[in-house]
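Me: I would like to go over the pockets of a protein model. Please give the basis for each label.

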Amino acid sequence: MKLIFLGSSFSIVWYMRYHKIVRRSYDKDQDTFRHYILILPCLILALLINEKFTFKEVMWTFSLYLEAVAILPQLVLLQRTRNIDNLTGQYVFLLGAYRALYIVNWIYRYFTEDHFVHWITWICGLVQTLLYADFFYYYFQR
């Protein structure tokens, strides 16, 4: 599954950067979100709130925090342009649905497995899903 995930992620990035038609849809003037401002707060939060203060654990927690807010530049761009093409809309919807299904999985595992409590993962997943809520509303309206 990891190989499929990585392969599909790399192919998406390749299409966005090098495919003639997809590359033309990028509008640099509208894409002004300073994504680097998300990195430092996530790193500080990972240093302060983690399960165990080791390099590996802090980096894992940092990746969870960053993943929770990584969709913000895309959502801001979609809200700013108010123009959601079919491919982008389906992609963002599927990302949000993927995260929402993770929450269903966590609820199931909480009730069926002993000691299945991962507060940091749960809160990050909930934050990420809530960020998609506004997009879901407009997606279903359309």
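This is a predicted model: local features need pLDDT of at least 70, side-chain atom pairs count only at pLDDT 80 or more; totals for chains, interfaces and linings use all residues.

Me: What makes a space a pocket, and how much space lies in the largest pocket?
Reply: On a 1 Å grid over the protein atoms alone, a pocket is an open set of points with protein on both sides within 12 Å along at least five of seven lines. The largest pocket holds about 2500 Å³, a volume being the space filled by probe spheres (1.4 Å) set on the points. Its lining, residues with an atom within 4 Å of a point, numbers 49 residues, and Ile12, Met16, Gln74, Tyr91 and Leu95 are the closest to the centre.

Me: Why is the largest pocket said to lie between domain 1 and domain 2?
Reply: Domain 1 (1–30) and domain 2 (31–141) both contribute lining residues, so the largest pocket lies between them. The domain bounds come from an automatic or database assignment.

Me: Which helix gives the largest share of that lining?
Reply: α1 does, with twelve residues. Helices are DSSP runs of H or I with at least four residues, numbered from the N terminus; α1 spans 2–18.

Me: What is the second largest pocket lined by?
Reply: Among its lining residues are Leu72, Arg82 and Tyr138. α5 gives the most, five residues, and the pocket's space is about 250 Å³.

Key:
Residues are numbered from 1 along each chain as its sequence is written. Side-chain values use heavy atoms; hydrogens and water are left out. Helices (H or I, at least four residues) and strands (E, at least two) are DSSP runs, numbered from the N terminus.
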